[in-house]
Structures are given as C-alpha cells and as structure tokens.
Amino acid sequence: MNNEIIKFENVSFGYNENINLLNNINFTVLKGEFFFLTGVSGSGKTSLIKLIYLEQTQKRGNIFIFGKNTRNAPKEDLRKKIGVVLQKPLLIEHLNILENTLLPFKIAGVDTAKNIQEAVELLNWVGLKNVLHKYPREISIGEQHRASIARAVIKKPSLILADEPTGNVDQETSNKINNLFLALNKLGTTVIFATHKMQDIQYLKMPYLNISNGKIEKIVPNVNR
C-alpha cells in the first residue's frame, strides 16, 4: 500500500512568469506524519499550502496528493479528504459556534441534525463546550481558532493543512493550538502546520520543512523522545 499523502516532483511555482517563488522542489509526506512548514515572510509557505489544496497550479513538475496527480485528478474528490485551517478563523458571523462547526455538512448537503452530537463532542474536546450557542464576536480569538479547527476536522479529513493558525495569538494560546494538532496527529491524521514562530517548533519538537530561496529542506530536530 502506498503511504505517500503528498509528493512533489521537481515543482516550480511563481506569480511572475520570469521569477519562481518555489524552484524545482522535491519532498514527500507519508501518512501519519506531522511537519511544521517554516520560512521567512514571503518565502512561499502559503503558496505551498495552496498548491497542496489545489487552489493554485504549479508552473512545472508534478504534485501527487493521495497518490493522484493533481494535474488531472478531480479537485473536489481530493479536497473532501483535506481540512484547512487559516490564520484568520473566518467563522460565519451570523452562525453560532455549533452551527459553524456543522457548516461542512450543510455545504455537502448532509442533514446536520444527524451530526449535532458529534459536533458537540468535538467542541467539548477542543474546550468549547461552554460557548456552543455563542456567536464568533462573543468569544475570544483563541476560542475562534479552536472553533475553526473543529470545523476543519468534523468530517475526519486524512490531511490537515494549517496556515499560520498561531500567528495572531499569544504563546499560551499557541501552545493550546499546537496540542490540538498534536492530538489529531496521534489519532492518525497527517498534519502540515505552517508557522513563522520557532516557539511552536521548540514546543512540540516536531520535524519541519523549511523554505529558503525557493528551495525546501526537511529538518528533524535532534531530540530524545
């Protein structure tokens, strides 16, 4: 069985025809792995995540997601297996936290009433059992981030892509968010977590993919587990 969740083969990408933001990069992520994604602002972290999620298309090379070449694979079929968490929670203001969490089912045309208990249990797991019926404006930014994580994982995706979810919160909240992603990973979910905060990496001591000058390097911290 092929355990490759993500595979980049000689991939180049850029917004300018003559300049590549990512240049001939190669890497593989296996099922169940957890990698931080690092690099200075503007290095290409968000672009890499968008390539994986099929929001952007590479100039050259091939990208395989769940073993499918993204150049000819049905986008929606692949996206159903991917959960995305953004730097800004982007919760729907007129929906309460429980309704926001159930939104992926509603978009998919599934009867949300059948999934309420599951959503309640998930929100309890992320520490939001007391804000189920509050609206985004009524809870803290840290709570909004945890709600967006719950929404991203409610349909049990095989892969989570997190684009700087700790970028606008304090370190205590960052650590809580880090722990949530670590717990998801321990349940078998593959995680790619973009961050510019070395504190995140130092806190969890997980491997990371570093983007620098258009290249990517896989780094494994030398720690005793």
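Does Lys156 count as buried or exposed, and at what relative accessibility? At 61% relative accessibility, Lys156 counts as exposed (over 50%; buried is under 20% and partly exposed in between, with a 1.4 Å probe and protein chains only). The model is predicted, with local features requiring pLDDT of at least 70 and side-chain atom pairs pLDDT 80 or more, while totals for chains, interfaces and linings use all residues. Residues are numbered from 1 along each chain as its sequence is written, and side-chain values use heavy atoms, without hydrogens and water.

Lys156 is located in the loop that links α5 to β7 (helices are DSSP runs of H or I with at least four residues, strands runs of E with at least two, numbered from the N terminus). Between Lys156 and Lys80 the C-alpha to C-alpha distance is 9.5 Å, at a sequence separation of 76 residues.

Helix α5 (residues 141-153) has 13 residues, which at 1.5 Å a residue should span 18 Å; the end C-alpha atoms are 19 Å apart, which agrees (the expected span is 1.5 Å times one less than the number of residues). Of the 13 residues of α5, 12 are buried, among them Glu143, His145, Arg146 and Arg151. The buried residues pack against β6 (82-85), α3, α4, β7 (159-163) and α6 (171-186) (contact: heavy atoms within 4.5 Å).

Helices α3 (residues 97-107) and α4 (residues 116-125) have axes that come within 10 Å and cross at roughly 120° (lines fitted to C-alpha atoms over the stretch in contact; angles from 0 to 180 degrees between N-to-C directions). Ile97, Leu98, Thr101, Leu102 and Phe105 in α3 meet Ile116, Glu118, Ala119, Val120 and Leu123 in α4.
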